[in-house]
Amino acid sequence: MKVAVLGGTGEMGSAIAKQLSRSNQVIIGSRDPARASEAARSIAGAEGLGYLEAVQKADVVVFAIPYSALGEAARLSGPATGKLVISAVNPLKLEGGLLKFAKADGSAAEELASLLPGSRVATAFNNVSALFFKTDEVVPMDILVAADSKETYEEAANLVRGIPNLRPLYAGPLSEARIVERITPLILNLSRLNKTKSLATKFVATEGNGK
Ligand SMILES: NC(=O)c1ccc[n+]([C@@H]2O[C@H](COP(=O)([O-])OP(=O)(O)OC[C@H]3O[C@@H](n4cnc5c(N)ncnc54)[C@H](OP(=O)(O)O)[C@@H]3O)[C@@H](O)[C@H]2O)c1
């Protein structure tokens, strides 16, 4: 698969790109193609392009840009049509010393879907700190994937499975992205308030059949 990571020069985008490059051909997308090329140099087989060219060339597009920049997506709706789009975007704000969800309702992923009406949008990687992806071996964790169809979930899940130790879990339709994204400020606050290292999602199952 050719995967474009928009925001691939940033903290999370570069970390996702590094991990996805294990099983995919990665294209780093930046507002500045020169910066994209520079960032691509550290990833085997990767190339760097401007957003438009990166989306045109890709089969899958990952958004790892700030929520405040989401409007950028509107001009990409043409080339993104018919493609799988993954949103790792979390709308966050700092309030009273705690991180809070920064949208009154809905989610960044639903907003992205409305800007890209011809694309299949799913969430992934929202609740993982980039720090987890900077190592060669990622610790086992669960990646919550919300998507409007089970087929889109499976496409996104296969991308996640390409990174050893990650287990994709279906979180329901894209409207559930509002829950998935809200977990991120909770996790960041948990780690800060309890003075732990970075935390990520890992769900445990009962030994029996759960009845
Ligand atoms: N950091 C994490 O651990 C983490 C974890 C999970 C999810 N996320 C999500 O990933 C997204 C990116 O977070 P980040 O921490 O990686 O941020 P970052 O280090 O600031 O990187 C953001 C990247 O987005 C690009 N960008 C595009 N439009 C922009 C604009 N108007 N203003 C600033 N940058 C713009 C920039 O690339 P160019 O300048 O090259 O265009 C930049 O490299 C956020 O939505 C965040 O919630 C982050």
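Modeller: Leaving aside residues up to four places away in sequence, Ile-16 touches Val-5, Val-62, Ala-64, Ala-88, Phe-125 and Phe-133. Contact here means that the C-beta atoms of two residues, placed from the backbone, lie within 7 Å.

The model is predicted: local features need pLDDT of at least 70, side-chain atom pairs count only at pLDDT 80 or more, and totals for chains, interfaces and linings use all residues. Numbering starts from 1 along each chain as its sequence is written.

Ile-16 is among the residues that touch the most other members of the largest nonpolar core, which has 63 residues; Val-62, Phe-63, Ile-86, Val-145 and Ala-156 are listed with it. A nonpolar core is a set of buried Ala, Val, Leu, Ile, Met, Phe, Trp, Tyr and Cys residues joined through C-beta atoms within 7 Å.

Helix H1 spans residues 11–20. Helices (H or I, at least four residues) and strands (E, at least two) are DSSP runs, numbered from the N terminus. Nine of the ten residues of H1 are buried, including Met-12, Ile-16 and Leu-20. A residue is buried if 20 or more other C-beta atoms, placed from the backbone, lie within 10 Å of its own, exposed if 12 or fewer, and partly exposed in between. The buried residues of H1 pack against strands E1, E2 and E4 and against helices H2, H6 and H7.

Two strands pair if DSSP finds at least two bridges between them. E1 and E2 run parallel over five bridges, with Val-3 opposite Val-26 in E2. E1 (residues 2–6) and E4 (residues 60–63) are joined in the parallel sense by four bridges, and Ala-4 faces Val-61 in E4. In E2, five of six residues are buried.

H1 also gives the most to the shell around the ligand, with three residues. The shell holds 25 residues, Gly-7, Gly-10, Ser-30, Ala-69 and Asn-90 being the closest; a residue is near the ligand if its C-beta atom, placed from the backbone, lies within 6 Å of it. Twelve shell residues are nonpolar (Ala, Val, Leu, Ile, Met, Phe, Trp, Tyr, Cys, Pro), five charged (Asp, Glu, Lys, Arg) and eight polar (the others, Gly among them).
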